Amino acid sequence: MIYVTRRAEFSASHYYHNPDLSPEENRRLFGKCNNPHGHGHNYTLEVTVAGEVDPTTGMVMDLKELKKLLEAEVLEQMDHKFLNEEVAVFSTKIPTTENIAVEIWKMLEPKLRLGKLHRIRLYETPDLYVEYLGD
Ligand code: NI
């Protein structure tokens, strides 16, 4: 098995709010992140695909194809978006780095033809990332 990782960057804004909690509880739990006007992040996404090297191509999958897939399935939906209001799933789910990583997995996993999605890493800042392995 060999692992291939592609990196992409996108910018998005969000705020944290749980409608099941009171305004006070939301402020206590989320602090500044609860401001409904939102704040932005420059995210770095790393997508790792696992597979065997195809002896005909010498590759696990065409990395141009992976790039196009990331652009079409993830960046198109999230780049320069206000996640809470412009990405449907985050109208009911708090767009934390954890939840964004899981949603990116769900967007990509069914679309991969060659190789198998192995890991999503999402950096909220250069020194903080969340990793999702699909379970
Ligand atoms: Ni934030």
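1. Among contacts in the chain (heavy atoms within 4.5 Å) between residues at least 6 apart in sequence, 68% join residues at least 24 apart. The model is a predicted one, in which local features need pLDDT of at least 70 and side-chain atom pairs count only at pLDDT 80 or more, while totals for chains, interfaces and linings use all residues. Residues are numbered from 1 along each chain as its sequence is written, and side-chain values use heavy atoms, with hydrogens and water left out.

2. Overall architecture. The chain contains four helices and five strands, where helices (H or I, at least four residues) and strands (E, at least two) are DSSP runs numbered from the N terminus. Their order along the sequence is β-α-β-α-β-α-α-β-β. Taken along the principal axes, the C-alpha atoms fill a box of roughly 60 × 25 × 25 Å. Of the 135 residues, 41% count as buried; buried means under 20% relative accessible area, exposed over 50%, and partly exposed in between, with a 1.4 Å probe and protein chains only.

3. His-14 is buried, at 0% relative accessibility, whereas His-39 is partly exposed, at 24%.

4. Helix α4. This helix covers residues 97-108, which makes 12 residues. From its first C-alpha to its last it reaches 17 Å, close to the 16 Å expected at 1.5 Å a residue; the expected span is 1.5 Å times one less than the number of residues. Is α4 mostly covered or mostly uncovered? It is mostly covered, with nine of its 12 residues buried. Among these are Ile-100, Val-102, Glu-103, Trp-105 and Leu-108. The elements that cover the buried residues of α4 include β1 (2-14), β2 (39-51), α2 (63-78), α3 (83-86), β4 (116-125) and β5 (128-132).

5. Positions in and around α4. Val-102 lies in helix α4 and is buried, with a relative accessible area of 19%. Its C-alpha atom is separated by 9.0 Å from that of Glu-131, 29 residues apart along the chain. Ala-72 is placed in helix α2 and is partly exposed, with a relative accessible area of 38%.

6. Arg-119 is placed in strand β4 and counts as buried at 18% relative accessibility. Leaving aside neighbours within four places in sequence, Arg-119 is in contact with Thr-5, Glu-46, Val-47, Thr-48, Trp-105, Glu-131, Tyr-132 and Leu-133. Val-4 lies in strand β1. Not counting residues up to four places away in sequence, Val-4 touches Val-47, Thr-48, Val-49, Val-60 and Leu-63. Val-4 and Leu-117 are 113 residues apart in sequence and 9.8 Å apart in space, C-alpha to C-alpha.

7. The largest pocket. Its volume is about 170 Å³, a volume being the space filled by probe spheres set on grid points that are joined across faces, edges and corners. On a 1 Å grid over the protein atoms alone, a pocket is an open set of points with protein on both sides within 12 Å along at least five of seven lines, and lining residues have an atom within 4 Å of a point. The lining includes Tyr-15, His-17, Asn-84, Phe-90, Lys-93 and Pro-95. It divides into five nonpolar, five polar and one charged residue; Ala, Val, Leu, Ile, Met, Phe, Trp, Tyr, Cys and Pro count as nonpolar, Asp, Glu, Lys and Arg as charged, and the others, Gly among them, as polar.

8. A backbone point. His-80 has a positive phi of about 60° although it is not a glycine. Its place is in the loop between α2 and β3 (81-82), and at 63% relative accessibility His-80 counts as exposed.

Key: 1 Å grid on protein atoms, 1.4 Å probe; cavity = no way out; pocket = protein on both sides within 12 Å on 5 of 7 lines; lining within 4 Å.
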